[in-house]
Amino acid sequence: MLPFLDWIRKYRWSFLPHDIVAGVTVAIVLIPQGLAYALIAGLPAVYGLYASMVPLVVYTFFGTSRALGVGPVAMDSLLVAAGLGAIASVGPDNYIAMAIALAFLVGGIQFLLGVFRMGFLVNFMSKPVISGFTSAAALIIMFSQLKYLLGIDMEGSSQLHLILWNAFQHVNEINPFDLGIGIVGILLMVLLKKWNRKLPYILMVVVLGILAVYFLQLVQYGVGIVGQVPKGLPSATFPGIKWSVLTDLWPIALTLALVGYLETITIGKGVEDKMNGDSLKANKELVALGLSNMAGSLFQSYPITSSFSRSAIYYEAKPKTNLATLITAGMVLLTLLFLTPLFYYLPNAVLASIIMVSVYGLIDSSYVRILWKFRKDEFLVLIATFFLTLFAGIMEGILTGVLISLLLMVYRTSNPHVAVLGNIQGTPYYRNVNRFASDAIVRPDLLIVRFDAQLYFGNANFFKSHLKELIHQKGPELKAVILNAEAINYIDSSAALTLKKLIESLYEKGVHFFIAGAIGPTRDILFSSGIMDLLPKACLFVETREAVEFFDHPSIKDGVKDKVALQRNPVGNQSYRS
């Protein structure tokens, strides 16, 4: 219930320097990123700082990983902007209130999913869908910053072609000073990062940008700046929206809840593997994120989750406990109380350059090449998700990608791999005759088939028709069929009925039927479904070779078809029972 008790009881003063260094280092990155990501969400920059304080405090006590950098992120910020922008009733006056209410709703969904251990739902978002979505979202986020990078006043959108068209319409309004600051900011961060990753390159660019605008008086040339950032702590208020609006918000909230949790688990597992740790608990992370979002919304935070870049910094800084997250929140608190005036002259173009450099790492081209080379079907899922996200919309891309993945899964399970097995000469092993054609012995009187999937209503007819085709190819010389059931982990009622009818038709033709390699749960189903009422227990074997030896026994070879006689026959695997 309270994960912080695990580390607070074991805390040592020697841990404190490590936690302080990690917390301060992440805060140096988080503060300018928070200001930038709030702009992506369509909010005033200060709301990025609000989202970087209270949620972090709550996560400190309920999170299970010491190296997850929670707070505002580019992906969720884009989803907030896209989702709220699609709701007609959202006006400029209540946009902020809706974003804050969205955080509470996202947190409530995550909390309930965690309490009821529903974290498995995120598994329906396959890696190709995630990769396609994140790569497309990264491009949308990058191009959405053209407004600040070019210094133009253009309409925002979550569709790439509309962003480019809107920018093209204002190309004659480009401010060369904004463009120059943005390009220099990008180049400086890229070069400093390559030179030494440990340098606070984001903070360095922020400081240089502020100094350049202040001393060169670039505001008079139309350079866009952050301006007045409200000083002080956010007031504690409950988001003031009508209950009727929740019907418009919940689809966005559900998407944000699942995407945010997916990001957290993906990042968390990656960091834990590198740290050789196992402290990350999936459902507890859902609860932690839920509480962080709900508590944050009471202090004017919009939805938060885990950040790739900040988690990487935590990992490199090697914090000892979750106290590092609390120290990061403390640094944001000090900034809100005393340092916000320093950001007055911060150029928007610098924030745009920070966003572009930060999200570029989300584009995973290497995974695309791997899928193209080895997994053409999953490559199509990734490409479909990518282009739908780019040109149709964020929600449409995610939902369609998930749907295509599920349809692909259904197609695979309804048309699974079926192998005809043969004995490898000189060994007791039976393998796929197509892979071991030169070594496998295929007998005309015996058909051995391995079905590589669970047997259920979706593939029962495929199983029956495919097996009948193989039986037909064998011709009248066929005397027995052996089903290798090693890969069958479940048989539903529809498939059981199909299997029983198939066995009965084989018996009518004088063909024996044996089952080999069935695991315990499958054997239980064979008995409970009535299949073993048709088959004698002597026809159930641990290994395929035992079934073959039983078939080769003279009493079987001579044509004994009576099931009772078979059941009494002493030959076979007598130790194999349900």
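Predicted model: local features only at pLDDT ≥ 70, side-chain atom pairs only at ≥ 80, totals over all residues.
Strand β8 covers residues 512-516, and its parallel pairing with strand β7, residues 480-484, runs over five bridges. Within that pairing, L483 has I515 of β8 as its bridge partner. To get from β7 to β8 the chain passes through helix α21, residues 493-508, and this β-α-β crossover is right-handed. Strand β8 is also joined by two bridges to strand β9, residues 540-541, again in the parallel sense, and here I515 stands opposite L540.

Are the residues of β8 buried or exposed? Five of its five residues are buried, with H512, F514 and A516 pointing one way from the strand, while F513 and I515 point the other way.

Let me turn to Y50, which lies in helix α3, residues 46-50. With a relative accessible area of 7%, Y50 falls under the 20% cut-off and therefore counts as buried. Setting aside neighbours within four places in sequence, Y50 is in contact with P55, P230, G232, P234, F299, Q300, S301 and L336.

Finally, a residue on the outside: F215, in helix α11, residues 201-216, is exposed because its relative accessible area is 61%, which is over 50%. Together with L203, V207, L211 and Y214, F215 forms a nonpolar patch on the surface, and the accessible area of these residues together is about 480 Å².

Technical notes: Residues numbered from 1 in each chain as written. Heavy atoms only, no water. Patch = residues over 30% accessible without salt bridge, like charges linked within 9 Å, V, L, I, M, F, W, Y side chains within 5 Å. Areas by Shrake-Rupley, 256 points an atom, 1.4 Å probe, with all protein chains shown as cover. Salt bridge = Lys/Arg side-chain N within 4 Å of Asp/Glu carboxyl O. Helix = DSSP H or I, 4+ residues; strand = E, 2+ residues; numbered from the N terminus. Buried < 20%, exposed > 50% of the residue type's maximum accessible area, 1.4 Å probe, protein only. Contact = heavy atoms within 4.5 Å. Pairing = 2+ DSSP bridges. Right-handed = clockwise from strand over helix to strand, strands pointing away.
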